[in-house]
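Thanks for coming. Let me put the structure on screen, and then we go through it.

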Amino acid sequence: MFDKILIANRGEIACRIIKTARRMGIRTVAVFSDADRDALHVEMADEAIHIGPAPAAQSYLLIDKIVAAAKQSGANAIHPGYGFLSERAAFAEALVANGIVFIGPNAKAIEAMGDKIASKKVAAAAHVSTVPGHLGVIESEDEAVEIARQIGYPVMIKASAGGGGKGMRIAHSDAETREGFRLSRSEARSSFGDDRVFIEKFIVNPRHIEIQLLGDKHGNAIYLGERECSIQRRNQKVIEEAPSPLLDAATRKAMGEQAVALARAVGYDSAGTVEFVAGQDKSFFFLEMNTRLQVEHPVTELVTGIDLVEQMIRVAAGERLSITQDDVKLTGWAIESRIYAEDPYRNFLPSIGRLTRYRPPAETLSDGVTVRNDTGVVEGSEISMFYDPMIAKLCTHAPTRAEAIEAMSEALDDFVVEGIQHNVPFLSALMAHPRWRAGELSTGFIAEEFPEGFHGAGADAATLARLAAVALTMEILRKDRLDRLSGRLAPHAGNWRENWVVSIGGTTVVLASPTGVALLPLEVEIVLPGSEKPVTVTSDWMPGDPVWEGTIDDAALAVQVRPALSGYRLLYRGIDVVARVMTPRIAALHSLMPEKKAADTSKFLLCPMPGLVVSVAVEEGQEVKAGETLAIVEAMKMENVLRAERDLTVQRVAAKPGDSLAVDAVIMEFA
């Protein structure tokens with residue numbers, strides 16, 4: 001077994017690998033760029049070596065620097081994690097040439113499977129079901145259009161060396177094919193250093209299901225069940241689960257055996273994943289093979305009890321797999337939610353900045369329910385524009401899918417993130433979505449269910465009443481705290497006021513608390529609207545706590561709390577409302593107050609996210625039509641096309657290619 005391994009990665013996956021290595025008694029070496037000098041993985045590792053500037057192309061993607069760091073530290077082996085160099089055959093070859101063990105598959109397997117074009121040819125030869133498409137490299141827009149017409153729309157344009165949703169576009173027409181070809185090549189070049197793309201048929205209403213593999217250097221290979229990864233946005237996975245709600249035992253076996261056959265065909269000898277696109281009728285076609293550890297590997301670990309990182313290390317050290325196919329048992333259900341630094345209320349645009357508050361739910365195992373959080377940040381960490389926007393992977397495991405979903409909902413309610421925008425409200429709303437709960441999934445789920453984007457989950461009257469009761473308890477404690485301050489001229493005296501009006505979510509809720517209040521911990525009886533019988537509300541919340549946790553008539557409730565002007569901002573299950581607790585008289589006066597209107601920005605093109613201006617497609621004085629491209633802004637490795645929403649004339653261009661802009665910075669002004 002190795003004495004010391006270097007981790008050629010960053011963020012949560014580097015931290016994840018360090019945890020297993022530490023448990024195995026193996027010392028670890030971290031590498032870091034300028035942007036990651038104070039990162040969590042650097043702190044966790046036994047040693048850390050600086051490898052260059054913040055851009056990945058000048059640090060994490062440089063093979064020579066990684067090899068030099070390994071030699072400097074005396075590491076026996078390198079684990080690449082996912083992304084960066086993890087699927088680069090040249091990296092594996094360079095390590096072998098320098099006497100360093102690569103904790104991953106052999107270079108020939110990476111070369112055969114890491115290239116999506118070559119992998120489809122190998123899969124077809126191994127009698128694996130494949131999607132119709134053109135397996136050659138496409139050189140021009142005209143050729144791309146000709147091929148797309150031959151296959152038949154819609155088609156998927158994909159980077160041959162791609163992954164993580166980068167370099168992928170769906171096209172429904174010749175025009176979309178031309179634009180998709182340009183963008184896919186550009187993204188592929190900047191993300192992977194390889195601009196080759198290919199085209200295949202896009203399966204309508206598909207599901208994305210993948211099989212986890214393990215192989216060793218002695219010819220053994222097994223599959224560890226499947227993961228359903230159909231909840232995606234812009235081809236990037238958002239929620240994953242194991243097992244899949246679609247598959248039965250026979251289909252699982254057929255997919256698993258095809259995946260193993262493919263692994264044997266290329267002599268695969270590590271952890272890897274064979275991805276399939278599946279129809280709703282359980283038909284399936286080979287999509288690609290990822291010759292690395294997947295982001296979503298924790299859900300497989302939770303349902304099988306097998307540590308995939310440990311298996312990768314043991315296999316790399318030459319050990320035989322200690323697990324046979326008959327040993328693999330799927331127990332319970334696991335769900336993973338990816339917590340991203342993005343603004344769901346602004347079409348999921350990236351968000352960067354410092355985590356002023358970061359308090360994930362406690363990792364627990366109780367009553368058969370597991371909560372696990374894989375993360376690479378702590379409170380105070382910086383979310384950089386140079387890397388992937390994922391903050392954490394929150395996982396739950398329970399005996400049934402319904403229980404795992406409920407556990408995830410509760411864990412998301414407890415997940416506190418401040419300082420940046422994030423997608424926790426969206427994930428919470430997804431967990432409550434009837435179609436998700438029914439398991440009726442497809443890769444178009446988000447686009448179909450949120451066609452106008454995400455604007456927060458709706459709240460019924462009963463939920464608003466419960467949230468109003470929560471707000472009232474907080475106001476009671478706030479007023480009591482003020483009364484206890486020394487030196488106040490007029491502390492509260494007399495009987496507690498019975499009637500209260502809570503303005504919440506565009507409506508008003510009238511509450512009564514006729515029986516008085518017990519404080520610390522708080523217990524109060526509140527009469528909700530439409531009911532004569534009071535409910536008992538209890539909580540040990542204190543002013544300043546970011547999460548209100550308590551019960552309403554013994555039903556547990558967790559609500560995120562933020563200060564708001566004259567009230568409280570409450571976040572619960574994707575609902576985001578401001579509650580203001582007032583006496584009836586003040587409520588009557590408040591209803592007369594005019595509302596402040598937002599400034600008119602319709603004459604400006606504002607940068608929707610912090611990013612780098614790639615190109616500006618118009619000039620001052622130019623007339624443009626609705627739908628035409630105005631500029632392209634790159635953020636977190638994704639290129640975002642900004643288009644004209646209406647016919648207009650450009651009056652002033654305020655930004656140029658290469659400019660680094662903050663959110664809402666003016667790019668151009670219109671006449």
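How many bridges join β27 to strand β28? Two, and the strands run antiparallel. Strand β28 covers residues 522-526. Val-517 has Val-524 in β28 as its bridge partner.

Ground rules before we go on. This is a predicted model, so to say: local features need pLDDT of at least 70, side-chain atom pairs count only at pLDDT 80 or more, and totals for chains, interfaces and linings use all residues. Residues are numbered from 1 along each chain as its sequence is written, and side-chain values use heavy atoms, with hydrogens and water left out.

Two terms for the strands. Helices (H or I, at least four residues) and strands (E, at least two) are DSSP runs, numbered from the N terminus. Two strands pair if DSSP finds at least two bridges between them.

Now the sheet that holds β27. Nine strands form an open sheet, in the order β26-β25-β33-β32-β31-β30-β29-β28-β27. The pairing is antiparallel. At the edges stand β26 (507-512) and β27 (517-518). Each has a single partner strand, so one side of each is left without a neighbour in the sheet.

Inside that sheet, β25 and β33 are joined by four bridges and run antiparallel. Ile-504 stands opposite Ala-579 in β33. Tyr-572 has Ile-575 in β33 as its bridge partner. β32 and β33 form a hairpin, with two residues between them. In that turn, Arg-573 has a positive phi of about 50°.

Helix α16 (residues 461-484) lies across β25 (499-504), β26, β27, β28, β29 (535-539), β30 (547-552), β31 (555-564), β32 (567-572) and β33 (575-582). α16 runs at about 135° to β32. Contact here means heavy atoms within 4.5 Å. Axes are lines fitted to C-alpha atoms, for helices over the stretch in contact, and angles run from 0 to 180 degrees between N-to-C directions.

Over to the N-terminal numbering. An open sheet of five strands has the order β3-β2-β1-β4-β5, with parallel pairing. β3 (47-52) and β5 (101-102) stand at the edges, each with a single partner strand, so one side of each has no neighbour in the sheet. β2 (residues 27-33) pairs with β3 in the parallel sense over five bridges. Val-29 stands opposite Glu-47 in β3. Helix α3 (residues 63-73) lies across β1 (4-7), β2, β3 and β4 (77-79), at about 150° to β3.

Which helices have axes that come within 8 Å and cross at roughly 175°? Helix α4 (residues 89-97) and helix α5 (residues 107-114). α4 and α5 are therefore roughly antiparallel to each other. The cut-offs: under 35 degrees is roughly parallel, over 145 roughly antiparallel, 65 to 115 roughly perpendicular, and the rest oblique. Ala-89, Ala-92 and Glu-93 of α4 make the contact with Ala-107, Ile-110 and Glu-111 of α5. By class, that contact has four nonpolar, no polar and two charged residues. For the classes, Ala, Val, Leu, Ile, Met, Phe, Trp, Tyr, Cys and Pro count as nonpolar, Asp, Glu, Lys and Arg as charged, and the others, Gly among them, as polar.

Next, the cavity. The structure holds one of 30 Å³ or more. The largest cavity has a volume of about 160 Å³. On a 1 Å grid over the protein atoms alone, a cavity is a set of points where a 1.4 Å probe fits but cannot get out, and lining residues have an atom within 4 Å of a point. Grid points are joined across faces, edges and corners, and a volume is the space filled by probe spheres set on the points. The largest cavity is lined by 13 residues, with Arg-233, Arg-234, Gln-236, Pro-350 and Met-638 nearest its centre. β17 (349-350) and β38 (638-643) are the elements that give two or more residues to this lining. The lining divides into seven nonpolar, two polar and four charged residues.

Last, backbone geometry. Most residues other than glycine have a negative phi, and most peptide bonds are trans. The peptide bond from Tyr-153 to Pro-154 is cis, with omega near 0°. Pro-154 is in the loop between α7 (141-151) and β7 (155-163). The bond from Ala-242 to Pro-243 is cis too, with omega near -5°.

Terms used
On a 1 Å grid over the protein atoms alone, a cavity is a set of points where a 1.4 Å probe fits but cannot get out, and a pocket is an open set with protein on both sides within 12 Å along at least five of seven lines; lining residues have an atom within 4 Å of a point.
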